[in-house]
Amino acid sequence: MDLKVPEIMLPQFKMPNLSEPVNTPGQNLASEFYKKIIRMIKNFDARLDATEQVGVRLVTFGKSVTFQITDVGYDDPSLIMFTGNLDDGSPVTLIQHVSQISFLLMAVKRQNPEEPKRPIGFQSQ
């Protein structure tokens, strides 16, 4: 008895180069997120008039907090800090892990519109 085994064609694929890292450590540093956030804030601020400044609205656990941003900072490897003031002038600092960042940029009325607008986050550039 002569049995013929059917020929099975396996798909051909190219193996990826595993000697190069797919995700380098620097890509997830807070300092990299900081640069992107500052760029986004700067672009948003450019659309506002002289009586407005960039504000942030956070919604967590069903509660909403809005504050004016006065500064943004970071602490590598993973923390971003937003400093600002609530509507009543109370100072606030939000510290978040880069994996938790989620906020709404919005226009808020400036507390002191007679003073020049202060750029946000440019102290380290």
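1. A search of the whole structure, which is a predicted model, finds two aromatic pairs. In one of them Tyr-34 and Tyr-74 come together in a tilted arrangement, with 4.9 Å from centre to centre and 55 degrees between the planes.

2. This tyrosine pair links distant parts of the chain, since Tyr-34 belongs to helix 1 (residues 30-45) and Tyr-74 to strand 2 (residues 63-75), 40 residues apart. As for accessibility, Tyr-34 has a relative accessible area of 3% and is therefore buried, whereas Tyr-74, with a relative accessible area of 36%, is partly exposed.

3. The rings of Phe-82 and Phe-103 also pair, and because their planes stand at 70 degrees, over the 60 that the class requires, the pair counts as edge-to-face; the ring centres of Phe-82 and Phe-103 are 5.0 Å apart.

4. The phenylalanine pair likewise links distant parts of the chain: Phe-82 lies in strand 3 (residues 79-85), while Phe-103 sits in the loop between strand 4 (91-97) and strand 5 (104-109), and the two residues are 21 residues apart. Phe-82 is buried, at 0% relative accessibility, and Phe-103 is partly exposed, with a relative accessible area of 25%.

5. A further point concerns a charge and a ring. Which residue lies over the face of Phe-33? That residue is Lys-36, placed at 6.0 Å from the ring centre of Phe-33.

Conventions: Residues are numbered from 1 along each chain as its sequence is written. This is a predicted model: local features need pLDDT of at least 70, side-chain atom pairs count only at pLDDT 80 or more; totals for chains, interfaces and linings use all residues. Side-chain values use heavy atoms; hydrogens and water are left out. Rings of Phe, Tyr and Trp (its six-membered ring) pair if their centres lie within 6.5 Å; planes under 30 degrees apart count as stacked, over 60 as edge-to-face and the rest as tilted. Helices (H or I, at least four residues) and strands (E, at least two) are DSSP runs, numbered from the N terminus. Buried means under 20% relative accessible area, exposed over 50%, partly exposed in between (1.4 Å probe, protein chains only). A charge sits over a ring if NZ of Lys or CZ of Arg is within 6 Å of the ring centre and within 35 degrees of the ring normal.
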